[in-house]
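Take a look at it first, then follow along.

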Amino acid sequence: MLRQIVLDTETTGLDPKKGHRIIEIGCVEIIDRIITGKSLHLYINPDREIDPGALSIHGLTNQFLSDKPLFHEIANDLLNFLKDAELIAHNAAFDIKFLNYELNKINLNNINSYCSKITDSLLIARRKFPGKRNSLDALCDRYNINNSHRKFHGALLDSELLAEVWLYMTRGQNSLIIEDNIPNENIFHNLQNNQEYNLPVILANDQEVNAHKKYIDELNNISGNAVWNFFKN
C-alpha cells in the first residue's frame, strides 16, 4: 500500500528565523493513487502578529485565530496523521522549514523523522514543464482543474487542489504488473514450440471510447500533440 499525504501550510510571514509561525495546516490522504476523502485541517494560534503581506494572501486574522490551539497542542494529531507516509508539498522547502521550526521549539525531531519520504511537487513540475509557470494556479489551468473558488490561499483547499494536480502530473508512473498462473519457463517453452494462446478480443464500448478520447484531449491540451494521435484505428 502506497500512502501519501499532500500537505500545505499558511504562516504569519516568510521566515521562521524571524519568529514567524504556522497558522494553518491542511493534509489530504492518497492511498494507491486514490484520494480517500480523509483529511486533516488545523488552525493554530501563532501567539504573535500576522504580517500584512501574509494576511493579504490567506486572509486569516489574529482575531480569528485567538481561540485556536497552540502548535504544541495539535502536534500529536499532525504527526499521527503523517506517520510513515510520503509527504508531498508544493515548494516543500517552505513548509518543511516551518514544520521543523515548530517541532524543534517543542523538542521534537524534524518532520522527516516521521515520514517515509518528502517530495516537492514544484520540482517535479519544473522538470516536466521547463520554462513554464508552475504555480498551483498555473498547474490547475494546465490540467483543467477547477480552482475558481480559490479567492485566498487556504491550506486545506490548496492541498485538495494539489492532490488532483499530483495525480494528473504523475499519471503513468506506476509500473504495470501482469499476473498469470503460467510459470515463466513454461511460457518460454511454449513460445519456442509456437504454441498458440486463444485469447479473447474484447472491444471497447462507447463509454470507454469516449473516456479515452477525453483523456487524449487532455494530453493534447498539456503537451500539444499526444503520441496517441499517431495511431489510427
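Q: Is glutamate 24 buried or exposed?
A: Buried means under 20% relative accessible area, exposed means over 50%, and partly exposed is in between (1.4 Å probe, protein chains only). Glutamate 24 has a relative accessible area of 3%, so it is buried. One caution before we go on: this is a predicted model, where local features need pLDDT of at least 70, side-chain atom pairs count only at pLDDT 80 or more, and totals for chains, interfaces and linings use all residues. Residues are numbered from 1 along each chain as its sequence is written, and side-chain values use heavy atoms, with hydrogens and water left out.

Q: Where does glutamate 24 sit?
A: Helices (H or I, at least four residues) and strands (E, at least two) are DSSP runs, numbered from the N terminus. Glutamate 24 belongs to strand 2, residues 22–31.

Q: Which polar contact joins the side chains of glutamate 24 and another residue?
A: A polar contact is a pair of N or O atoms within 3.5 Å; within protein, one must be able to donate a hydrogen and the other to accept it, and residues adjacent in sequence count only if both atoms are side-chain atoms. Here, the side chains of glutamate 24 and histidine 41 are joined at 2.7 Å. The glutamate 24 side chain also reaches the backbone nitrogen of alanine 155, at 3.3 Å.

Q: And what is glutamate 24 in contact with, leaving aside its neighbours within four places in sequence?
A: Contact means heavy atoms within 4.5 Å. With those neighbours set aside, the list for glutamate 24 includes Thr9, Tyr43, Leu60 and Gly154.

Q: Let's follow threonine 9, then. What does its side chain make a polar contact with?
A: With the side chain of aspartate 95, at 2.6 Å. Threonine 9 is in strand 1 and is buried, with a relative accessible area of 3%. Not counting residues up to four places away in sequence, threonine 9 touches Ile22, Glu24, Ile25, Phe94, Asp95 and Ala155.

Q: What volume does the largest pocket have?
A: Picture a 1 Å grid over the protein atoms alone: a pocket is an open set of points with protein on both sides within 12 Å along at least five of seven lines, a 1.4 Å probe that fits but cannot get out marks a cavity instead, and lining residues have an atom within 4 Å of a point. Grid points are joined across faces, edges and corners, and a volume is the space filled by probe spheres set on the points. For the largest pocket that comes to about 530 Å³. It is lined by 23 residues, and the closest to its centre are Asp8, Thr9, Glu10, Phe94 and His153. Among the elements that give two or more residues to this lining are strand 1 (3–11), helix 4 (92–105) and helix 7 (155–169).

Q: How many residues of that lining are nonpolar, polar and charged?
A: Ala, Val, Leu, Ile, Met, Phe, Trp, Tyr, Cys and Pro count as nonpolar, Asp, Glu, Lys and Arg as charged, and the others, Gly among them, as polar. The lining of the largest pocket has 7 nonpolar, 10 polar and 6 charged residues.

Q: Which residues have a positive phi without being glycine?
A: Most residues other than glycine have a negative phi. Aspartate 47 has a positive phi of about 60°, and asparagine 144 has one near 55°. Aspartate 47 is in the loop between strand 3 (34–43) and helix 1, and it is exposed at 65% relative accessible area. Asparagine 144 is in the loop between helix 6 and helix 7, and it is exposed too, at 52%.

Q: How far apart are threonine 12 and isoleucine 50, in sequence and in space?
A: They are 38 residues apart in sequence and 4.5 Å apart in space, C-alpha to C-alpha. Threonine 12 lies in the loop between strand 1 and strand 2, and with a relative accessible area of 0% it is buried.

Q: Zooming out, how many helices and strands does the protein chain have?
A: The protein chain has 9 helices and 5 strands. Of its 233 residues, 39% count as buried.
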